[in-house]
Amino acid sequence: QAQVVESGGGLVQPGGSLRLSCVASGSFFSIYAMGWYRQAPGKLRELVAAITSSGSTNYADAVKGRFTISRDNAKNTVYLQMNSLKPEDTATYYCNGPGIRGSYGEDYWGKGTLVTVSS
């Protein structure tokens, strides 16, 4: 069981970079896959990057070659390095995974961190 807090978002110019962090609280973080999701205004939430407990990664086509997901199990943290940012990357970014639950065992989503890519 774990909950998450996302951070690292902000305003960045097109072509710039940001690194997002997601810190999990609770036990057993290391055994679960984790993913970064994003949701832009008026659009559905989408998975942009995922990493398994063993370190295998996968990316949405829209971010391949630009984003890198990683994790540090000793710190209960998953990262998303975002390079060559585009205006269409503007969204609220969330981390989640099968081990993330609320106080009553319900599906849990943090507040996310807002990324705005604009000149």
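Which residues does Asn96 touch, not counting residues up to four places away in sequence?

## Asn96 and its surroundings

Leaving out residues up to four places away in sequence, Asn96 touches Ala33, Met34, Gly35, Tyr37, Asp107, Tyr108 and Trp109, where contact means heavy atoms within 4.5 Å. This is a predicted model, in which local features need pLDDT of at least 70 and side-chain atom pairs count only at pLDDT 80 or more, while totals for chains, interfaces and linings use all residues. Residues are numbered from 1 along each chain as its sequence is written, and side-chain values use heavy atoms, with hydrogens and water left out.

Asn96 lies in strand 9, which covers residues 91–96; strands (E, at least two residues) are DSSP runs, numbered from the N terminus. Asn96 counts as buried because its relative accessibility is 4%, and buried means under 20% relative accessible area with a 1.4 Å probe, protein chains only. The side chain of Asn96 reaches the backbone oxygen of Tyr108 at 2.7 Å.

Six strands form an open sheet in the order 2-10-9-4-5-6, with mixed pairing; two strands pair if DSSP finds at least two bridges between them. Strand 2 (10–12) and strand 6 (57–59) stand at the edges with a single partner strand each, so one side of each is left without a neighbour in the sheet.

Strand 5 and strand 6 pair in the antiparallel sense over three bridges, and Ala50 stands opposite Asn58 in strand 6.

Key:
Helix = DSSP H or I, 4+ residues; strand = E, 2+ residues; numbered from the N terminus. Buried < 20%, exposed > 50% of the residue type's maximum accessible area, 1.4 Å probe, protein only. Polar contact = N/O pair within 3.5 Å; in protein donor to acceptor, adjacent residues only side chain to side chain.
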